[in-house]
Amino acid sequence: MRPEDIIIAPIITEKSNDGLQEGKYTFKVNKKATKVEIANAVEKLFEVKVLKVNTMTVQGKTKRVGRYEGKTSNWKKAIVTIDTNPGEKTYLAKGGKTTKISKKYKDSIDAFMGA
């Protein structure tokens with residue numbers, strides 16, 4: 001699946017806005033998407049470093065119109081935690097030399113609030 005097919009829409013509620021300070025963003029995602037696919041899609045679309053992904057399936061509600069009763073469809077929600085302080089990483093390469101990697105990551109998702 002393409003990243004555009006995995007991330008459907010951001011979810012903007014009071015509870016999700018409280019999590020923005022901690023780097024937690026909430027998205028409506030494809031029901032068949034896995035946590036790894038969601039993390040890769042967010043990293044690719046928004047150029048941020050994803051630390052953790054929590055997913056849940058939201059059950060549809062029963063609705064009535066007159067005497068007819070139906071049910072809205074189930075959907076999947078993902079809470080993605082990003083790295084709010086991205087820095088350069090160091091590791092040991094061959095021969096015991098320390099090597100630094102500095103990728104250009106953003107510390108927030110600007111498009112989330114409609115900016």
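Mentor: Start with accessibility: buried is under 20% relative accessible area, exposed is over 50%, and partly exposed lies in between (1.4 Å probe, protein chains only). The model is predicted, so local features need pLDDT of at least 70 and side-chain atom pairs 80 or more, while totals for chains, interfaces and linings use all residues. Numbering runs from 1 along each chain as its sequence is written, and side-chain values use heavy atoms, without hydrogens or water.

The search finds four salt bridges (a Lys or Arg side-chain nitrogen within 4 Å of an Asp or Glu carboxyl oxygen). Take Arg-2 first, among them. Its side chain meets that of Glu-4, at 3.4 Å from N to O. Arg-2 also bridges to Asp-5, here at 3.9 Å from N to O.

Now check how open these residues are. Arg-2 is exposed, because its relative accessible area is 51%. Glu-4 has 47%, so Glu-4 is partly exposed. Asp-5 has 38% relative accessibility and therefore counts as partly exposed too.

Move along to Lys-24. Lys-24 pairs with Glu-22, and their closest N and O atoms are 3.8 Å apart. Lys-24 is partly exposed, because its relative accessibility is 31%. Glu-22 reaches 52%, so Glu-22 counts as exposed.

Last, look at shared partners. Arg-2 is the partner of both Glu-4 and Asp-5.
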